[in-house]
Amino acid sequence: MGGVQKKKFDRGAATNYITRNRARKKLQLSLADFRRLCILKGIYPHEPKHKKKVNRGSTAPRTFYLMKDIRFLLHEPIVGKFREYKIFVRKLRKAYGKSEWSGVTRLKDNKPVYKLDHIIKERYPTFIDALRDVDDALSMGFLFSTFARTGKCHVQTIQLCRRLTVEWMNYVITSRALKKVFLSIKGIYYQAEVLGQTITWLVPYQFSHDHPTDVDYRVMATFTEMYTTLMGFINFRLYSSLNLVYPPKKLSALSSCLARVVSSVEEDEAQMDHFPVEGEDVEQMEAREKEHKEQEAQRRLFEGLKFFVNREVPRESLAFVLRCFGAQVSWDKSLCIGAAYDVTDETITHHIADRPNMEKQYINRYYIQPQWVYDSINSKICLPVEDYFLGVTLPPHLSPFVEEKEGDYVPPEKLRIMALQRGELTDFFSILVQDEDEEDDEDDDDEDEEEEEEEEEEEEEEKEDEQNLKKMETQRSQGKVTPGKVKKEDRGRLEQEEKAEEKRLAIMMMKKKEKYLYDKIMFGKKRKVREANKLTAKRKAHDDASKTDKKKKAKKQ
Amino acid sequence: MPTTSDQDAKVEPRAAMSKTPEKRSKTSEKRSKTPEKRRAEEEEDEEEELLPVDVEGSSLALEGSSDSEESLFSGLEESGSDSEEDDEDEEEEGVPGSAVDPDGGNSQETVEEGEERGMTEKERALLKDKTDEYDHDSSDEEDIRNTVGNIPMEWYKDFPHIGYDLDGKKILKPIRNKDELDDFLDKMENPDYWRTVPDKQTGSEIVLTDDQVDLVHRLQRGQFGDVNFNQYQPTVEFFSGEVMIHPVTNRPEDKRSFIPSLIEKAKVSKLVHAIKMGWIRPRRSKEERAEEAGRYYDLWASEDPNAILGRHKMHVPAPKLRLPGHEESYNPPPEYLLSEEERLAWEQLDPEDRKTTYLPRKFSCLRAVPSYSRFIHERFERCLDLYLCPRQRKMRVNVNPEDLIPKLPKPKDLQPFPTTQSLVYRGHTGLIRSISVSPTGQWLLSGSDDGTVRFWEVVSSRCLKTVQVGGAVRSVAWNPNPAVCLVAVAVGCDVLLLCPSLGDRLLIGSTEQLLSSYQPPEEKGEELVVWTTAEGEEHSQGVRLRLTHPKAVQQVVWHSKGDYLSSVMPQPSSHLQVLVHQVSRRRSQNPFRRSKGLVQCVSFHPLRPYFFVATQRSVRVYNLIKQEMTKKLQANSKWISSMAVHPAGDNVICGSYDCRLAWFDLDLSTKPYKMLRHHKKAVRGVAYHPSYPLFASASDDGSVIVCHGTVYNDLLQNPLIVPVKVLRGHTVTNDLGVLDVTFHPSQPWLFSCGADATIRLFT
């Protein structure tokens, strides 16, 4: 009926997406600048539902961005700054080429700078949004602050990262926000709760890095640029929430308090308001109150204790962690500034060292390994120090981030700590007994497996029956009668079998789609059980081996 | 020209230095002297002392003189082995050649020497400066005995002569070359051996004088040839850094040095213009810049909690990194450490397939923990993930698997149904293809591949009668009419009608009577099937009639009234696949004119005049009275194996070789109401219970599944199908399990026969 022929790919999904190259052309940016812009603005590609439709009929692998995102980038003022910078670089090159040294210095002095404030505000409209996303910023900041001046990034960046991370740590100390610490093989994980947000970050161990060659440091630097700005604003806000001046002065040693006033303020805050509530909520209220009390107790875990950190121990981490829980920390004067007291101080309660033995030991203090501090924090109680003396084989260090659900494998050490938390376990040697009990419990978990085997068992039973039948037949044909035996019937077992059969029959009647889903879920569950069983078996083998070893040793002696 | 002489002096020692030590000793040791020569040499020595330059000059000239000085230098400076040889040659030739000149050659010089003797050294030096050095250069008139020039002397290696003298005559080589022995003797006896040097150009030997040897020694030590030359004389600077009071030049100042520069003016005005236009900004101080970069303030002072993220609602926040588990600890519990095989398996896996990016490790103390080598890598990968990975919200359905299981009535509530195996009927030696129960439920009939048909008493599992039929029995069927005791057996191309002679005698009698009362019709048409009455031994075994078919018969089925029976002869693309026989009139007919595919099995409707024909993929329902097809049921399966019709006649089940069981509700649709995939292998047989709401399916996996299938009278209510029991007992032999099932007509009992040559009763 006439009319204009409809063009393909003019409407629908094809117009909602744009490939990266076309987006780059639309923005008139080089690939590097486009990448930088995407990083700063937090733009990421999208996977279209129908790739072929979006890709104009082709199936070539392409990265797609949302058209909206790209349109949103079009009026970004920072794009102009990128262009300015490009021009600046060109001018500088020219000046170098002409050996106009004064021109070079003049250009360098007027190097175009751009601010990311508006981008931060735009990406994180509220402060809580920003806090929620600070994990990566912190990890990156801590990484960059450990870089040496090797030219992988600007020295100013390293210094800024160092400053911001130290400020952050000081905030965590003053607000006593730290919750969990984990010594992993990668580094030290910290988890803090700031304004209700759980924030986890990873700090590498204090070693120089061997910089990999296949890492694009420009990408990392761009991220760091954004993250430092974000962290600066967050720190400002956090400090001002504590009524503190930002930026603070001289913090790097992590020894001095930000403000002595803060602690008293917190005490007032500790008392919760009571609102008249209806009957149902009373329980909840009580639970909440209890939780609050627990938290408060955790915050004061090391209060009143006086620590001395030996020089072979990671000082910064320990000082940070200990001070987060109210302890006093000091170290050797020659190690770092800010040492509050000396080794000879008689009031020191714990001396943290990481060597097999120490020559000169004071009587009135515990000499412990650093793991004690971390384990105590994670278990929220001061663990018995006996396990952590110098030269003692340490108990395993468990991850505080694992929350075991039903059916998951729980290492026995965790069970022990849980018992300690409940206050059940005061005797150190009752652990072994406990362990054995647990093993019995674990046996019950195997029931699921039994179910699977039941089918086979039944078949076997039937076979047995048949054999019996055959026997009987032969006997009867021979004219022999043997006295029958009373078969004991386990009623419980019978019932179980019946139920299992019912279930099997019901499963047979499932629809195809549901059956698929069910099989998938059950596969996952079985795998979990299998993994847990494997771990238990491994543990048992290990324990047995160690036991026999011990026995052998005892015999030798 | 002191400079040139200096150069010469410097060059020579180098040449001397480059000599190999052995050669040096050789030259120094060669010393042969005659008294008169000695005198002359002394004179020369004196001269040499006085005029070292001349010596050098002459030596240079003697070396062939065509070379310029530079070329010589360049040659000398090369320290290559080839050039070294040349240098040595030159040295050996040059030094002595210049000095020795034994007799007449130096007569002029001696005269000169005599003249000069009176002068002081200083005067002589002055004189030397003034006089042209070539004046007493004797190089021109030097007796050049050999005129070949400066060429490698190896060229004359093969000739008896080594060149030509001034007269153009050949200079012959010494007649006898010195051999090693001569040389040795010479070395032992001749005290001047060490200072004797062979002249290659002339072939003669030259003995160096003491002064020449001294000179050689000095040069070797790197000293100047002249003993008296002071190399450390004070320098006279003709230009110094000190500012003098007097100008260097006397030139008056230019005018342009008083007036301002135009170029500068242009430059300045350019800068001024640029500043005015804002192109050049005054430079900022460092503090200013630092402050500008790192100035923080309360960014969220006026935050709007309702503000959606700057862009749009589609934004998905980046997922947080997974938190580490126990295995990442520096000191994990021992069960998390990988064993040797696990570690190997981990290493062999592709890095992308690995569950963890690291190997769990245990360290005895925190001090021993090294840095993590992939730290920067992992952070970088996280960065890449953040800006390169498409993000998607995944709806995770949290389904309780128990909820997925359909809620069915408990099998307990659906009793009775067969639950246990109670009897096994043994006796057949081949696999049993078919079984059938008598309408009273007292007898059981089975046909086997061992060529026998056996009659069993159901209750006692005794075999009452065995009939040899002479071929594998494909199918057996007991006449459903309780008033007749007749059995149909399909063997090869025949269908036998047997009278088992079991049970009530009256019944048997009536059956016999029925069969014998047949009156053959007058006119006999063309018969498809030949009906023959059995006689003799066959008759005594029980066979009454034999229906000989043109092809092998697969199945026989009785109509519920017991007069008609149908036989199936599956044959692709043949119209003669199904035959319907009438026993009372001994007549057979072919109901179908055209083939509709390979017929698998047929069945009569229990109540109405319908006829079911199952082909490979569908079931056709024919109305026998109207003689037309009423329905075609699509059994969504590849190959139908068996079929059974519900006693009420409205439902049909079809078993198929692709493990499925299709339940058709004829009132509902031509598509299966339910497909049951209970079996793991091909379904071989299906059966309905005549009175109880039960049906069963037998399969090659050796199991019989009994299902409860209630059919409601209400048309709107769908049948209820619940599997109630899986019966096992048959052993799978040759990949064949249970081949046929049938229910007891009145009890909830089930018979099954299988490839293991047994029949089993489940009650």
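Modeller: Residues are numbered from 1 along each chain as its sequence is written, chains are lettered from A and ligands numbered from 1 in the order in which they are written. In this predicted model local features need pLDDT of at least 70 and side-chain atom pairs count only at pLDDT 80 or more, while totals for chains, interfaces and linings use all residues; side-chain values use heavy atoms, with hydrogens and water left out.

Biologist: How many salt bridges are found over all chains?

Modeller: A salt bridge is a side-chain nitrogen of Lys or Arg within 4 Å of a carboxyl oxygen of Asp or Glu. Searching the whole structure on that basis gives 46.

Biologist: Which parts of chain A does the pair K41(A) and E122(A) tie together?

Modeller: Their side chains meet at 2.5 Å, N to O. Helices are DSSP runs (H or I, at least four residues), numbered from the N terminus. K41(A) lies in α3 (residues 31–41) and E122(A) in α8 (residues 117–123), so the pair ties together parts 81 residues apart in sequence: helices α3 and α8.

Biologist: Which residue of chain A forms a salt bridge with R539(A)?

Modeller: The closest N and O atoms are 2.5 Å apart. R539(A) lies in helix α21 (residues 512–556) and its partner in helix α17 (residues 412–422). That partner is E413(A).

Technical notes. Helices (H or I, at least four residues) and strands (E, at least two) are DSSP runs, numbered from the N terminus.
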